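Hello,

Here is the structure I promised to pass on to you. Have a look at it first, and then read on for my notes.

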Amino acid sequence: VIVPVNKLDTGPTTIPTYQPLAYVDQRIIFSGLSLGDPSLGTDICTIPKAVTVSDLTYCEDATDAVALKATGISGLTLKWYSDLIGGVANNVAPIPSTSVAGVNTYYVSQATSSPNTCEGPRTPLKVTIVVPATANAGAAQTITTATTASLVGTGSAVGTWTVDAKPTTAIVTFSPATGASVTANGLTVDGTYTFKYTVAGAGLCVAATSTVDVVKSTPVCAS
């Protein structure tokens with residue numbers, strides 16, 4: 001006979017209205033029949049259910065990592081592990097390292113207090129460490145009679161080009177409108193054109209940017 005035990009039991013005439021949790025050293029009485037020796041404890045418990053967790057993502061070398069969290073039953077103790085099976089439990093939630101990109105899996109369960117521990121299943125919590133974005137807008141250029149410039153950006157992903165600065169009256173467009181390799185058109189006014197190449201970051205990582213200058217200098221003919 002398997003009997004769910006809960007400290008809310010008050011007698012044989014009571015109909016339980018709760019979900020059994022986990023308690024130990026309960027004395028069970030059926031109409032005067034006592035099971036076990038109350039002085040030794042009966043060590044009967046129901047296994048706690050699995051805790052609830054949310055996977056996390058950090059950028060590599062992030063400094064905002066905090067202790068892991070899990071939601072369990074009030075009054076039970078969270079136990080943290082580095083492995084699904086075996087290992088030594090830690091009652092203090094770990095702070096994940098962000099120094100190396102990749103996926104790290106932690107495990108957490110909930111249990112009653114010792115010495116008679118009833119422990120639930122371990123739930124995995126994945127922490128993904130993402131490599132930061134990179135961007136390179138290339139080398140500076142100087143043009144004279146040309147009114148266009150070829151821009152080639154590189155980085156961790158395909159980025160986008162924008163005009164960061166230009167002579168006031170110049171009207172600059174890109175062809176194609178998007179992509180890593182574009183042609184900047186409309187460089188008709190002498191001066192410095194600054195173009196920015198932006199690569200979006202993955203997850204919580206910030207975008208990476210890089211700029212390049214194109215100097216337009218029209219030769220002056222000697223009279």
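This is a predicted model: local features need pLDDT of at least 70, side-chain atom pairs count only at pLDDT 80 or more; totals for chains, interfaces and linings use all residues.

E13 itself spans residues 181-185. Its covered face is made of Val182 and Ala184, while Ser181, Thr183 and Asn185 form the uncovered one. Strand E12 (residues 173-175) also pairs with E13, again in the antiparallel sense, over 3 bridges. Here Ser175 is the residue opposite Thr183 in E13.

The link between E12 and E13 has two details to look at. The hairpin of these strands has 5 residues between them, and Gly179 takes a positive phi near 125° there. As background, most peptide bonds are trans.

Now to another part of the model. An open sheet is formed by 4 strands in the order E3-E6-E5-E4, with mixed pairing. Strand E3 (56-59) and strand E4 (77-81) each have a single partner strand, so they stand at the edges and one side of each is left without a neighbour in the sheet. On average, neighbouring strands of this sheet are turned by 25° against each other, direction ignored. E3 pairs with strand E6 (residues 123-130) in the parallel sense, over 4 bridges, and Tyr58 stands opposite Ile129 in E6.

Two residues in this region are worth a visit in your viewer. Where does Lys79 lie? In strand E4. Lys79 is buried and yet has no salt bridge: Glu119, the nearest side chain of opposite charge, is 5.4 Å away, whereas a salt bridge has to be within 4 Å. Leaving aside residues up to four places away in sequence, Lys79 touches Ala89, Asn90, Asn91, Tyr107, Val108, Ser109, Ala111, Thr117 and Glu119. Glu119 is thus on the list of contacts, but without a salt bridge to Lys79.

The second residue is Asp61, which is found in the loop between E3 and E4. Its phi is near 70°, a positive value in a residue other than glycine. Most residues other than glycine have a negative phi. Is Asp61 buried or exposed? Asp61 is exposed, with a relative accessible area of 52%.

Enjoy exploring it!

Best wishes

Terms used
Residues are numbered from 1 along each chain as its sequence is written. Side-chain values use heavy atoms; hydrogens and water are left out. Buried means under 20% relative accessible area, exposed over 50%, partly exposed in between (1.4 Å probe, protein chains only). Two strands pair if DSSP finds at least two bridges between them. Axes are lines fitted to C-alpha atoms, for helices over the stretch in contact, and angles run from 0 to 180 degrees between N-to-C directions. Lys and Arg count as positive and Asp and Glu as negative; His and the chain ends are not counted. Contact means heavy atoms within 4.5 Å.
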